[in-house]
Amino acid sequence: MGRAVLRIVGFELKGMAAIGLWMVRRRHGVPDGAAVATYTKAQTFVLSLMLFAMAVETVVVDLLLVALDVPAWLRFAVLYADVYGLLFGVMMAASCATRPHVITSDELRIRYGVYFELRVPVEQIASVRTSRSYNESKMVAVKDGRLSVAVASQTNMTIELTEPIAFVRPLGGRGEATSIRFFADQPEIVLAALRPGLTLHS
């Protein structure tokens, strides 16, 4: 439990930093010459709609509590919870925008905001292909050695590995996978960046 709490606190701090990076239009962990594959388009509309609804709800609920003359401590507690919800949504959007997937000559970094990151050595990738799924149940899930890192319940890329790779779940649990599914806005960027390297290592 303690480890999970520490990881959540870490996510909050990194999320706040991501807002700063987002404001100055910078990205985290993208070296010169690396290929970048974003994954935010599939969730942008839903996340924007959710944030708008939460903002409206915050104002309406606060006005209602004032009209009902509820105790100040209760009103501010509700207001704090609503504002935090808004901040969390902004942190998620910012962290996903500033932490894309990254492909270099040595590795593929699969990420979901500040919540998940897996570095896959290129020499450990046996194949890469497009493979679309619309019914992923969790952001990060593993079953029968297949790891899924979904965006808006979707994945559209699959890589097969030459040997199992270890990963850490968002709350600290560990696992291994021999196949990884993830989502990229433009799969062709991932294919173009990885396939020449796979040819060299085959």
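**View 1. V120 and the residues around it.** Welcome to this predicted model, in which local features need pLDDT of at least 70, side-chain atom pairs count only at pLDDT 80 or more, and totals for chains, interfaces and linings use all residues. Leaving out residues up to four places away in sequence, V120 touches D106, E107, L108, I110, I125, I159, L161, I165 and I180; a contact here is a pair of heavy atoms within 4.5 Å. Residues are numbered from 1 along each chain as its sequence is written, and side-chain values use heavy atoms, with hydrogens and water left out.

View 2. Buried means under 20% relative accessible area, exposed over 50%, and partly exposed in between, using a 1.4 Å probe and protein chains only.

**View 3. Helix 3 from end to end.** Helix 3 has 27 residues and reaches 38 Å from its first C-alpha to its last. That is close to the 39 Å expected at 1.5 Å a residue, where the expected span is 1.5 Å times one less than the number of residues. Which residues of helix 3 are buried? They are D82, G85, L86, G89, M91, M92, A93, A94, S95, C96 and T98.

**View 4. R181 in strand 9.** Look along strand 9 to find R181. Why does R181 count as buried? R181 counts as buried because its relative accessibility is 18%. Beyond its neighbours within four places in sequence, R181 is in contact with E136, R146, L147, S148, V149, T155, M157 and T158.

**View 5. Stepping back to the chain.** Four helices and nine strands make up the secondary structure; helices (H or I, at least four residues) and strands (E, at least two) are DSSP runs, numbered from the N terminus. Their order along the sequence is α-β-α-α-β-β-β-β-β-β-β-β-α. The C-alpha trace spans about 70 × 35 × 30 Å along its principal axes. Of the 202 residues in the chain, 42% are buried.
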